[in-house]
2 protein chains.
Amino acid sequence: MRLTQWTDYSLRVLMYCAATENRPTPPTISEIAQAHGISRSHLTKIAMTLAANGWLETTRGRGGGLRLLKPADQIVLGTVVRQTETDFNLVECFDASLNTCRLDGLCLLKRTLKEAMAQYLAVLDGVTLADLVTPGQPPLGGQVISFSPRA
Amino acid sequence: MRLTQWTDYSLRVLMYCAATENRPTPPTISEIAQAHGISRSHLTKIAMTLAANGWLETTRGRGGGLRLLKPADQIVLGTVVRQTETDFNLVECFDASLNTCRLDGLCLLKRTLKEAMAQYLAVLDGVTLADLVTPGQPPLGGQVISFSPRA
């Protein structure tokens, strides 16, 4: 039971942008990649997808970088996770084309797991990006990476 | 966001046993493996683990097979899933030894995801194996595999 790495990294990018939104210059992909030890090319794909989905704007050149397109308190975690997490088929029988389960006709497992997932997402629907981060606060270790020079 | 195949198959074994608990002879691993199109050796490992964890008793020989050790209405889905699902580390930062996230100190994501998972499991804690199946009812397609000869 795990979110994908894609969702994990997408949330990190958005949270990084939220945590640094008061900076004069926005963070770049290189800065976030370096800060998290994630490959720059992988993070570029994630940032481009987040931009295509209307979460980020990206600007090139000096002083450019990634900015949230909406205030962090208007970005609902549940909405982001529903978009980044593509596989909500909790067990095989959620996908009719793959289902081999012979108990399908007499089994209420699917309905139970759907209800459980709805409750999971309901928690995320009550939380915004702003609730997750404190802008301008230093991260773990007290090192203020949010104001470090861009890599 | 998916349960493991191990959990999926474990639940199928337990539900199969619940659905057939009124039969004079219990289902065998071969019967369940054949009914679900799952490898017999894989299902043997799952059945042995379920037996070791106190959900099933296994008897050998003629008339032997798998039986639930408790009535199906006393087997709580949440308890089974907590045991079969070993990875509840929803994102990297749940595991301190693997965590590379630099936002750790200022991020409330972990707490939010833990709360969401608690709500997910709370739904499963309200459901027993008996709620999931109707004993003696035929599965998908109307074919009464629950009463077919053992393979």
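What covers the buried residues of helix 3 of chain B?

Tutor: Because this is a predicted model, local features are considered at pLDDT of at least 70 and side-chain atom pairs at pLDDT 80 or more, whereas totals for chains, interfaces and linings use all residues. Residues are numbered from 1 along each chain as its sequence is written, and chains are lettered from A and ligands numbered from 1 in the order in which they are written.

The cover of those buried residues includes helix 1 (5-19), helix 2 (29-36), strand 1 (56-59) and strand 2 (65-68) of chain B; here contact requires C-beta atoms, placed from the backbone, to lie within 7 Å of each other. Helices (H or I, at least four residues) and strands (E, at least two) are DSSP runs, numbered from the N terminus. Helix 3 of chain B itself runs over residues 40-52, and its 13 residues reach 18 Å from first C-alpha to last, close to the 18 Å expected at 1.5 Å a residue, where the expected span is 1.5 Å times one less than the number of residues.

The buried residues in helix 3 of chain B are B:L43, B:I46, B:A47 and B:L50. They cover an arc of only 100° around the axis, which places them on the same side of helix 3 of chain B; the arc is that of the directions from the helix axis to the C-beta atoms. A residue counts as buried if 20 or more other C-beta atoms lie within 10 Å of its own, as exposed if 12 or fewer do, and as partly exposed in between. An α-helix has 3.6 residues a turn, so residues three or four places apart point the same way. On the face of helix 3 of chain B turned away from the buried side sit the exposed residues B:S41, B:K45 and B:A52, and just after the helix B:G54 adopts a positive phi of about 85°.

Turning to chain A, the 13 residues of helix 3 (residues 40-52) should span 18 Å at 1.5 Å a residue, which agrees with the 18 Å between its end C-alpha atoms. In helix 3 of chain A, A:L43, A:I46, A:A47 and A:L50 are buried. Seen down the axis of helix 3 of chain A, these buried residues fall within an arc of 100° and so line one face of the helix. They pack against helix 1 (5-19), helix 2 (29-36), strand 1 (56-59) and strand 2 (65-68) of chain A, while A:S41, A:K45 and A:A52 are exposed on the face turned away from the buried side.

Helix 2 of chain A includes A:S30, whose C-alpha atom is separated by 8.6 Å from that of A:L43, 13 residues apart along the chain. Since A:S30 has 14 C-beta neighbours inside 10 Å, A:S30 counts as partly exposed.

Notes
Two residues are in contact if their C-beta atoms, placed from the backbone, lie within 7 Å.
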